[in-house]
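Me: I have a model open and would like to understand the words used to describe it. Could you take me through them?

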Amino acid sequence: MPKIKLPVKSPHIDMTPMVDLFALLLTFFMLTTSFRPQEATVIDSPNSISEKVAPEKNVITILVGKDNKVFLNFDNGLDTSVSIRAEVLKKVAEQFNLKFTDKELTTFSTHSSFGMPANRLKAWLDTEDSKEREKFQTGIPIDSTDNQLNLWVRFIRIQNPNAIVAIKGDADADFKVVKHVMDILQDNQVNKFNLVTNLMKEEAKPEE
Amino acid sequence: MAEIIQEEAKQKGGKKKAKKFSTRIDMTPMVDLMCLLITFFMLTTAFSKPKAMDIAMPEKKDDPTVKAPEISADRTINILITGNDQLYYYFGVADPNKPLPQLIKTDYSKDGIRKVLLQRNKIVFKAVYDLREKVKTGELVMADTALENKTKELKKSDKNAPIILIKADEKAKYKNLVDIIDEMAITTIANYAIVDISPIELQMLSGTAPAAPVVQ
């Protein structure tokens, strides 16, 4: 029988369309995603078995860093027509006799967590360079002589009484600072909070 | 993979000229890896969202005439948290006018405080564990919220379940507290409260309290 040998040609797949698409996708994501606003401090949360997802909207977050400094973050609530951050800043300005321009109000609305004495707010908002801005984040005063956290929480709760309060503490922060923060919250009639943790499963079995 | 294409040029006059090479690099492996990397990052950024633990504190009452509700001493376990990840507990009430209870040292491992709590909370823990196993194996079919509600009910059902008072001194770290509250959730104990540490307990911790040696 005659053997028919087919010439074996290695197939050449033209990859041009695929690389094209990847280039397009990459450009799309590069242009449309915006950087997350930088958090005031890095927090290493403790672990827990809790699987309940931390709320992301309509939440007031109080961050307690490793160095026991306290920072605050709150969003504009569920009603997107009202800018709660700007309103709260205006109230704080009244309290401390400061004046903020409209530009500073909008800059404040776009930042996330912050922490500094109120008299440094204006300087922080006016700084353009992000590295210089980081230096301002020294923590909100919480001692009894200058309890600014109490004022902030009060003004935020007046503007947005339905917000959930979350405490995001670093695992190595002193408990007494977190207890102090909880006391300040209880003074403002907040008795339920969420503690932000990382998930780590643990199992326990009944002894036989 | 890569190919070198040799150009066969027909030379006039039979002269043998050096053959020209042009290289063609095959990009397939690189595009493969890029595809994998993009898919990997697209999928992994959805994970590790931070989780939250609920705490409810009792309302702060600064009114000294309102007395705290009496709790029976035989159900009470007091957990004392201090610095360097040290953990102690004792049963009952520490009344400075009476002989003090034994302060027992333990740790955060599963053979430490969890063992003690499980021993004290056997009934409720077994009930909740059995319920969860049944739902896992499919014997019982329940919605997640229904399971949560039933678990809450079970936790409150035992009238002799332990009451835990969690007290932390100045040196305690935040993660110690979160670990203890986590143990409450793991051992299905519903009755616990974070309270202030009393002077007699501070003495017990530092070992200066009368007639209360620390037991290992």
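Reply: Gladly! Let us start with contact: two residues are in contact if their C-beta atoms, placed from the backbone, lie within 7 Å. Please keep in mind that this is a predicted model. With that cut-off, among contacts in chain B between residues at least 6 apart in sequence, 63% join residues at least 24 apart.

Me: What makes up the side of chain B that touches chain A?

Reply: By that contact rule, 35 residues of chain B meet 40 residues of chain A. At least two residues each come from α1 (28-44), β3 (51-56), α2 (113-120), α3 (122-137) and α5 (174-186) of chain B. The largest share, nine residues, is supplied by α5(B). Sorted by kind, the residues on this side of chain B are 19 nonpolar, three polar and 13 charged.

Me: How do you know that β5 of chain A and β3(B) pair?

Reply: Pairing asks for at least two bridges between the strands. Six bridges join β5 (residues 192-199) of chain A to β3(B), so the two strands count as a pair, and they run antiparallel. In this pairing, A:Leu195 stands opposite B:Met53.

Me: What makes a residue of α2(B) buried, and which ones are?

Reply: The test is 20 or more other C-beta atoms within 10 Å of the residue's own. B:Ile113, B:Leu117 and B:Leu118 are buried in α2(B). Their directions span an arc of only 130° around the axis, which puts them on the same side of α2(B).

Me: Why is α4(B) called hardly covered?

Reply: Because burial needs 20 or more C-beta neighbours within 10 Å, and the count of buried residues among the 14 residues of α4(B) is zero. As for its length, α4 (residues 144-157) of chain B reaches 20 Å from its first C-alpha to its last, close to the 20 Å expected at 1.5 Å a residue. For chain B as a whole, 23% of its 216 residues count as buried.

Me: Which residues have the most contacts inside the largest nonpolar core?

Reply: They are A:Val64, A:Val181, B:Ile79 and B:Leu177, in a core of 76 residues. Beyond its neighbours within four places in sequence, B:Ile79 is in contact with B:Tyr89, B:Ile113, B:Ile164, B:Ile166, B:Lys167 and B:Ile180.

Methods
Residues numbered from 1 in each chain as written. Chains lettered and ligands numbered in written order. Predicted model: local features only at pLDDT ≥ 70, side-chain atom pairs only at ≥ 80, totals over all residues. Helix = DSSP H or I, 4+ residues; strand = E, 2+ residues; numbered from the N terminus. Nonpolar A, V, L, I, M, F, W, Y, C, P; charged D, E, K, R; others polar. Buried ≥ 20, exposed ≤ 12 C-beta atoms within 10 Å, placed from the backbone. Arc of directions from axis to C-beta. Core = buried A, V, L, I, M, F, W, Y, C linked by C-beta atoms within 7 Å. Expected span 1.5 Å × (residues − 1).
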